[in-house]
Amino acid sequence: MNEVIATIVVPIYNTKDTLDRTVESIINQTYKYLDVLLIDDGSENDAKNKCDEWTTKDSRIRCIHKNNEGLGLTRNRGIREAIGKYVFFIDSDDYIEHNMISEMVSKAEEFKADVVCSSFFMDESEEDCILPGGLYENNIKKYLLPRLLGRKKTGEDDFLNVSACTKLYSIEFLKKHNISFKSERQYIWEDMAFNFDCLLYAEHVYIIDRCFYHYCYNDQSITHVYDSHKIDRIVGIYNYFLDAINNNCVSEESHIRLNYSVMGNIRMCIKQIALYCNKQEAIKEINRICNIQEVEKIVGELRGENLSKIQLLLNSALKRKNIRIVYLLALIQNYKTKGEIS
């Protein structure tokens, strides 16, 4: 195992203040056979110079500078340029535990895994690894795939986290099946789509019920305006998943969980509209959302027993296209959320 090289792909865009912490957590791994690939995605500040500096400090570090394309396409460049047997993706504002690479490579080698999954820390608190740890072979499509798409109903937590940063991938496996990331500028949930494609083809998946990855919340990344294209990207990825489910004979449970997850994001869009748009603009945009064919389909298919009371009310208003009630419910939810935070 000591001769196995792991490539660590780090996409970088303007993260000059956190990059050193990220790279230090990588080069200080107990596992030393690393190929560290820093990919500068057209940074406009000193982050690009920091990348070059790191190549002079550790011979295992390489750097690529390129035009800005976004996270998904930058990760794809990392897959193409990787020289390791396995690849990890680490965001340049996060960091990892010192034994992450060693533990995950060990399981991949022992169980010949195409993918090894783990969990993460959020604000230093462990996010539960909901699914049982161990090797999954014959039940990947039936058990793991649906749970990647999210919860089945309110209060249930049997899901697999979608983050690509908590996983190890076999490079041979990714290239054999031509698996790559979608652009987040075209689709939402690029990590979920990537992992969905992996689980469609994987024969051996190992889950480690431990946290190694530190996700660091960045409030500077929040845009305090409503992105009118977000709902279209949600619809796009919904259609992608729906086609994949139908074409690959994936269980009906996947369809149910997909509807539930997509509806959750539609509700979030509507709450953002109510929060950041004036009333006239909000009513117009909510009306547009209510009349999207895919939204009508999802609303019609959602099962009432899977929804909370407020979700039932909103779903009923959406189904009846009662735009002003939808807007009012969104305002109430925003007020409630603000009260809980303050």
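Residues are numbered from 1 along each chain as its sequence is written, and side-chain values use heavy atoms, with hydrogens and water left out. Since we are looking at a prediction, local features need pLDDT of at least 70 and side-chain atom pairs count only at pLDDT 80 or more, while totals for chains, interfaces and linings use all residues.

Let's start with strand 2 (residues 34-41), which pairs with strand 3 (residues 61-66) in the parallel sense over six bridges. Helices (H or I, at least four residues) and strands (E, at least two) are DSSP runs numbered from the N terminus, and two strands pair if DSSP finds at least two bridges between them.

Now move along to strand 6 (residues 115-122), where seven of the eight residues are buried (under 20% relative accessible area; exposed is over 50%, and partly exposed lies in between, with a 1.4 Å probe and protein chains only). Which strands does strand 6 pair with? With strand 10 (residues 205-215) it runs parallel over seven bridges, and there S119 stands opposite C211. With strand 9 (residues 167-170) strand 6 is antiparallel, joined by three bridges, and C117 faces K167. Strand 7 (residues 125-126) is antiparallel to strand 6 too, through two bridges, with E126 as the bridge partner of F121.

On to the helices. Helix 7 (residues 190-201) is mostly covered, with 11 of its 12 residues buried; among them are M192, F194, F196 and L199, but also E190, D191 and D197. Its length checks out as well: at 1.5 Å a residue the 12 residues should span 16 Å, and the end C-alpha atoms of helix 7 are 17 Å apart, which agrees. (The expected span is 1.5 Å times one less than the number of residues.)

W189 sits in the loop between helix 6 (171-176) and helix 7. W189 has a positive phi of about 60° although it is not a glycine, and at a relative accessible area of 15% W189 is buried. K321 also has a positive phi without being a glycine, near 55°. K321 lies in the loop between helix 12 (309-320) and helix 13 (323-341), and with 34% relative accessibility K321 counts as partly exposed.

How do helix 9 (residues 252-276) and helix 11 (residues 293-301) cross? Their axes come within 10 Å and cross at roughly 120°, with axes being lines fitted to C-alpha atoms over the stretch in contact and angles running from 0 to 180 degrees between N-to-C directions. Helix 9 and helix 11 are therefore oblique to each other (under 35 degrees is roughly parallel, over 145 roughly antiparallel, 65 to 115 roughly perpendicular, and the rest oblique).

Finally, take two residue pairs. N76, in helix 3 (residues 71-81), is buried at 9% relative accessible area. N76 and F181 are 105 residues apart in sequence and 6.2 Å apart in space, C-alpha to C-alpha. N139, in the loop between strand 8 (134-136) and helix 5 (140-148), is partly exposed at 30%. N139 and L328 are 189 residues apart in sequence and 44 Å apart in space, C-alpha to C-alpha.
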